[in-house]
Amino acid sequence: MAREIVVVGGGLAGLAASIACAEAGAAVTLHEAHSTLGGRGRATPPPYVAHEGAHVFYADGPHWTWLVERGLVGDLARIPVRAALVAGFRYGGELRRRPFPGLLRMIRDRRRAAPVDRDFASWAGERYGEEAARAAANAIAVVTFDADTGRLSAAFVWELLHRVFAPAPPAVRYVVGGWPTVFERMARRARQLGVRIELNSRVTRIPSTPTIVATELASARSLLGDDTLEWESGRCVMLDLAVRRRRGDFFIVFDADQGGFHECYTMQDPSLAPAGESLFQLDMPIRSGESRADATTRVERLADLAVPGWRERTTWKRTAVARGRSGALDLPGRTWRDRPAIVRGGDVFLAGDMVAAPGMRGEISLNSAVVAARAALRAAGVPATARR
């Protein structure tokens, strides 16, 4: 008789954990509090498909291999050659095609080890100059969504810098149709394996069977009654824009001045907006004590540079505040191993983007889900041969 496992949360971590457990022969029930699956991978409905969170994959880790092996990725979008001609940095108040001073030197120093116990701003400032360190911290805020990335662990930021600005090509993958298509395939795979998916099902008490809690950390803290389930994460305003297409609009902009980020969804995947229109998302980290209105003003100024005349061309617009969307951020003296542990005791296991697993953002979710699934299978008494 199949052993029972419960999964709480239907985002990337919850779906991955459900699939991994069901593949080993466990009877899995997944509870999702909302009416749809996807978690932070949700997007707005067509014709404008704007993502709530991350929308790209990096194909240089076990998370990608896990998805590919199961045929969950689908068709990949091609980045046109012209994209390189409309990519750049905001630095000194202007958009520039070339990297800001100091970035290439940092990238060439890939073999240098950065310390865990020092902040990035002071460590990098000593080696590359304070201005280069500040610009680099702002530019990598595309991953951290933090207005003061320089305060984070030097080792943490150093790794992100090299993954984003010097990845092994071709590392970045855009899925045609966006992340919702990946979640559709994951849900279909889960159901094929016999996973029972319960939507609009909010769990308020941990059941007596082995349980994987794959929710945001704040929700896990409330469900488990464990005040230690806390970790640093980012906060930003998002501006989604659809405009009538015009040559010269930037594909991607890293903001070395204020930590913002701009990207076009439709240059590589025109299916995400109506014909003749371009869809962009811009982010701006919210500073300590800053109002949403002021942060929105700053992100709109970035749009003025990257999408000139956007106000007159706009066909659709959305603004929102994203909290905790960067996954885990490690302060000096901490690494991913210090984050909330996956194994909680009492046959309870944790998965998500702010727990003790490597990677960044969604990668943490998937990697932790696989580890949590293995542990839950052991707790459920599933034979080791099935777990493999």
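Accessible areas come from the Shrake-Rupley method with a 1.4 Å probe. On this basis, the accessible surface of the chain in the predicted model amounts to about 16,900 Å². Carbon and sulfur atoms contribute 49% of that surface. Of the 388 residues in the chain, 57% are buried.

The chain contains 13 helices and 15 strands. The C-alpha trace spans about 65 × 50 × 40 Å along its principal axes. A compact globule of 388 residues would have a radius of gyration near 21 Å, and the value for the chain, 21 Å, therefore agrees with that of such a globule. Among contacts with a separation of 6 or more, 72% are made by residues 24 or more positions apart.

At the start of α4, Asp119 places a side-chain oxygen within 3.2 Å of the backbone nitrogen of Ala121. Following the helix is Gly129, which has a positive phi, near 100 degrees.

How values were computed. Residues numbered from 1 in each chain as written. Predicted model: local features only at pLDDT ≥ 70, side-chain atom pairs only at ≥ 80, totals over all residues. Heavy atoms only, no water. Polar contact = N/O pair within 3.5 Å; in protein donor to acceptor, adjacent residues only side chain to side chain. Helix = DSSP H or I, 4+ residues; strand = E, 2+ residues; numbered from the N terminus. Rg over C-alpha atoms; globule rule 2.2 N^0.38 Å. Buried < 20%, exposed > 50% of the residue type's maximum accessible area, 1.4 Å probe, protein only. Contact = heavy atoms within 4.5 Å.
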